[in-house]
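Subject: Structure for your review

Dear colleague,

Please find below the structure that I am handing over to you. I would be grateful if you could read the notes with the structure open.

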Amino acid sequence: MCLAKNVYFEAGNQSYMGKKAVAFVTLNRVRSKLYPNSICDVVWQHKQFSWTKDGKSNTPRSVKNFTIALAAAVYVYNNYGRVKDPTQGATMYHTVYIEPYWQKDYKPTVIIGDHIFLK
């Protein structure tokens with residue numbers, strides 16, 4: 001559920017590929033020694049994902065959009081390590097509309113929709 005909600009809130013307006021990319025980043029973090037080792041701990045790590053700290057409801061509002069996010073999350077979870085990662089191993093991303101201070105510490109890998117992925 002943590003993975004599906006992260007996909008929903010972080011990439012709800014993105015393509016199916018964009019949704020899968022956010023799921024890959026989440027699981028890439030779980031695999032990395034630099035982040036917690038469970039999906040929920042990665043998602044809820046302090047100040048990592050905007051939706052977890054915005055003070056708004058964490059309940060999906062659209063059943064249709066959540067169903068699509070859930071499908072993307074389940075696909076990536078079930079196939080992680082067996083299918084190509086569209087983010088090329090990214091552990092970070094941000095929208096193309098901002099330039100966060102931390103981006104200089106990472107190498108961009110790909111742009112998918114409105115997100116720049118970095119590692």
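This is a predicted model: local features need pLDDT of at least 70, side-chain atom pairs count only at pLDDT 80 or more; totals for chains, interfaces and linings use all residues.

Disulfide

The structure contains one disulfide. Its partners are Cys-2 and Cys-40, whose sulfur atoms lie 2.0 Å apart. The angle about the S-S bond is 95 degrees, and the link of Cys-2 and Cys-40 is right-handed. Cys-2 belongs to helix 1 (residues 2–11) and Cys-40 to helix 3 (residues 39–43), so the bond ties together parts that are 38 residues apart in sequence. The two cysteines fall into separate accessibility classes. Cys-2 has a relative accessible area of 14% and is therefore buried, the cut-off for that class being under 20%. Cys-40, with a relative accessible area of 36%, is partly exposed.

Helix 1 and its surroundings

Helix 1 is mostly covered, with eight of its ten residues buried. Besides Cys-2, the buried residues of helix 1 are Leu-3, Ala-4, Asn-6, Val-7, Tyr-8, Glu-10 and Ala-11. The elements against which these buried residues pack are helix 2, helix 3, helix 4, strand 1 and strand 3 (115–118).

The packing of helix 1 on helix 4 can be described in detail. The crossing of helix 1 and helix 4 is right-handed. On the helix 1 side, the contact is made by Leu-3, Ala-4, Lys-5, Val-7 and Tyr-8, which meet Asn-65, Phe-66, Ala-69, Leu-70, Ala-72, Ala-73 and Tyr-77 of helix 4. Sorted by class, this contact of helix 1 with helix 4 comprises ten nonpolar residues, one polar residue and one charged residue.

Helix 2 against helix 4

Helix 4 (residues 63–79) also packs with helix 2 (residues 16–31): the two axes come within 9 Å and cross at roughly 50 degrees. Helix 2 and helix 4 are therefore oblique to each other. The crossing of helix 2 and helix 4 is right-handed. From helix 2, Tyr-16, Lys-19, Lys-20, Ala-23, Phe-24 and Leu-27 take part, and they meet Ile-68, Ala-69, Ala-71, Ala-72, Ala-73, Tyr-75, Val-76 and Tyr-77 in helix 4. The class count for the contact of helix 2 with helix 4 is twelve nonpolar residues, no polar residues and two charged residues.

Val-42 in helix 3

Is Val-42 buried or exposed? At 0% relative accessibility, Val-42 counts as buried. Val-42 is a residue of helix 3. Leaving aside residues up to four places away in sequence, Val-42 touches Thr-26, Arg-29, Val-30, Tyr-35, Pro-36, Gln-48 and Phe-49.

Loop positions

Lys-47 has a positive phi of about 55 degrees although it is not a glycine. Lys-47 sits in the loop between helix 3 and helix 4, and at 57% relative accessibility Lys-47 counts as exposed. Gln-88, likewise not a glycine, has a positive phi of about 60 degrees. The loop that holds Gln-88 runs between helix 4 and strand 1 (92–95). Gln-88 is partly exposed, with a relative accessible area of 44%.

Val-83 is also found in the loop between helix 4 and strand 1. With 28% relative accessibility, Val-83 counts as partly exposed. Which residues does Val-83 touch, not counting residues up to four places away in sequence? Val-83 touches Phe-24 and Tyr-75.

With kind regards

Notes
Residues are numbered from 1 along each chain as its sequence is written. Side-chain values use heavy atoms; hydrogens and water are left out. Axes are lines fitted to C-alpha atoms, for helices over the stretch in contact, and angles run from 0 to 180 degrees between N-to-C directions. Helices (H or I, at least four residues) and strands (E, at least two) are DSSP runs, numbered from the N terminus. Angles under 35 degrees count as roughly parallel, over 145 as roughly antiparallel, 65 to 115 as roughly perpendicular and the rest as oblique. A crossing is left-handed if the near helix is turned anticlockwise from the far one by less than a right angle, and right-handed if clockwise. Contact means heavy atoms within 4.5 Å. Ala, Val, Leu, Ile, Met, Phe, Trp, Tyr, Cys and Pro count as nonpolar, Asp, Glu, Lys and Arg as charged, and the others, Gly among them, as polar. A disulfide is a pair of cysteine sulfur atoms within 2.5 Å. Buried means under 20% relative accessible area, exposed over 50%, partly exposed in between (1.4 Å probe, protein chains only).
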